[in-house]
Amino acid sequence: MKIGILGVGHIGKTLTQRLAAAGHQVKVANSRGPHTIEADALSTGGRAVTAAEAVEDVDVVILSIPLNRLPQVAPLIADVPADTVVIDTSNYYPARDSRIEAIDAGQVESLWVTEQLGRPIAKAWNAIGSHSFAVKGRAAGSPDRIAIPVAADRDRQVAMALVEDTGFDAFDAGRLADSWRQQPGAPCYCTDLAREEMPGALAAAEVERLPKRRDLAVAAIQERVGDATTNPDAEYGVRLNRALFM
C-alpha cells in the first residue's frame, strides 16, 4: 500500500521502519521539514517528504502526533479523498495537551478526533508503549507476540492488517465509540498483553476510573524520573501500568 505518516516521534519512527520493511511505499513528514528526519527512521526504505506531500496520492494516512496538534493538521486531511483510510495513534494527556473540556467531560477521545478532522478514523497503535513497539515485534504465530487493539467504524480490517505487518497481533476492539476501552488508564493500555488476554482486559475497563488511573501513572513516572518529559525504564512502565490499570 501507499502510506503517508505524519509524525516521526517514537511511534512514528517505528511505524515508518516496520511498514517500509513489510513492503509498503512509505512517506513520512514532521513539522520541521524533511531535512530534519533522521536517517535511521528511513533505514528500511521510507522517504522523507513535506507534510503536504505525505498525504498526497496515498491509500492510508497515519497520524502519529500529539492529540492537541490534530486540529492543526485538519486542513491537510480535509483535502484527502474520502476513501483514504485515516488511522490515529494519539492519546489524551492533559499535562501535555492542555485541558480539552469535551474529553474531560467524558467524550471518547477518538470521537473528539473525528470531530476535529471532519471524517472517520481508525484507532490503532495507541495502546502500546514506544519501547515495546520498537523492540517486541515478533513473527506471526510466535508464542510471545503482543496484541494491539484496533477500533473503527470503517476501515478496521485495513488497520488490522497493517498492525499485523508491524509485528503484532491485531485485535478487533469494535466500534470507535468503544475505543475508550483502549485509552490511557485502561487494562489493555501499555500492558503488553497477548491476544488471549485482550478480551478480558477490554471487558474489564471502567470508564469513570480511566482519568484517575492515567494521572496516577503520570505522577508515579514523574516522581521516578524527576520531570514530565523523560520516559522511564520500559519494563518499569509495563509493570506500573499493570499494577494500576489491571
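The model is a predicted one. Its largest nonpolar core has 29 residues, and another core, of 24 residues, lies apart from it. Helices α3 and α6 cross at roughly 50°.

**Nonpolar cores**

- Within the largest nonpolar core, the residues that touch the most other members are Ile-62, Ile-87 and Trp-125.
- At least two residues of this core come from each of the strands β1 (2–6), β2 (25–29), β4 (60–63), β5 (85–88) and β7 (147–152), and likewise from each of the helices α1 (10–21) and α8 (156–165).
- The separate core of 24 residues includes Ala-54, Val-61, Leu-70 and Ile-121.
- Beyond its neighbours within four places in sequence, Ile-62 contacts Ile-3, Gly-4, Ile-5, Leu-6, Leu-15, Leu-19, Ile-87, Thr-89 and Trp-125.
- In soluble globular proteins, nonpolar side chains tend to be buried together.

**Helices α3 and α6**

- The axes of α3 (residues 70–78) and α6 (residues 109–117) come within 8 Å and cross at roughly 50°; α3 is therefore oblique to α6.
- On the α3 side, the contact is formed by Leu-70, Pro-71, Val-73, Ala-74 and Ile-77, and on the α6 side by Trp-112, Val-113, Gln-116 and Leu-117.
- Sorted by class, the residues of this contact between α3 and α6 are eight nonpolar, one polar and no charged.
- Buried positions of α6 are Glu-109, Ser-110, Trp-112, Val-113, Thr-114 and Leu-117.
- These buried residues of α6 pack against the strands β4, β5 and β6 (122–123) and the helices α3 and α5 (101–104).
- After α6 comes Gly-118, which has a positive phi near 75°.

**Asn-241 in helix α11**

- Asn-241 sits in α11 (residues 234–245) and counts as buried because its relative accessibility is 9%, the cut-off being under 20%.
- From its side chain, Asn-241 reaches the backbone oxygen of Cys-190 at 3.3 Å.
- Residues up to four places away in sequence aside, Asn-241 touches Tyr-189, Cys-190, Thr-191, Ala-217 and Met-246.

**Glu-164 in helix α8**

- Glu-164 belongs to α8 and is partly exposed, with 27% relative accessible area.
- A polar atom of the Glu-164 side chain lies 2.9 Å from the backbone nitrogen of Ala-170.
- Not counting residues up to four places away in sequence, Glu-164 touches Arg-145, Asp-169, Ala-170 and Arg-195.
- Between the C-alpha atoms of Glu-164 and Ala-147 the distance is 9.2 Å, with the two residues 17 apart in sequence.

Note on methods: Residues numbered from 1 in each chain as written. Predicted model: local features only at pLDDT ≥ 70, side-chain atom pairs only at ≥ 80, totals over all residues. Heavy atoms only, no water. Core = buried A, V, L, I, M, F, W, Y, C linked by side-chain atoms within 4.5 Å. Buried < 20%, exposed > 50% of the residue type's maximum accessible area, 1.4 Å probe, protein only. Helix = DSSP H or I, 4+ residues; strand = E, 2+ residues; numbered from the N terminus. Contact = heavy atoms within 4.5 Å. Polar contact = N/O pair within 3.5 Å; in protein donor to acceptor, adjacent residues only side chain to side chain. Axes fitted to C-alpha atoms, helices over the stretch in contact; angles between N-to-C directions. Parallel < 35°, antiparallel > 145°, perpendicular 65-115°, else oblique. Nonpolar A, V, L, I, M, F, W, Y, C, P; charged D, E, K, R; others polar.
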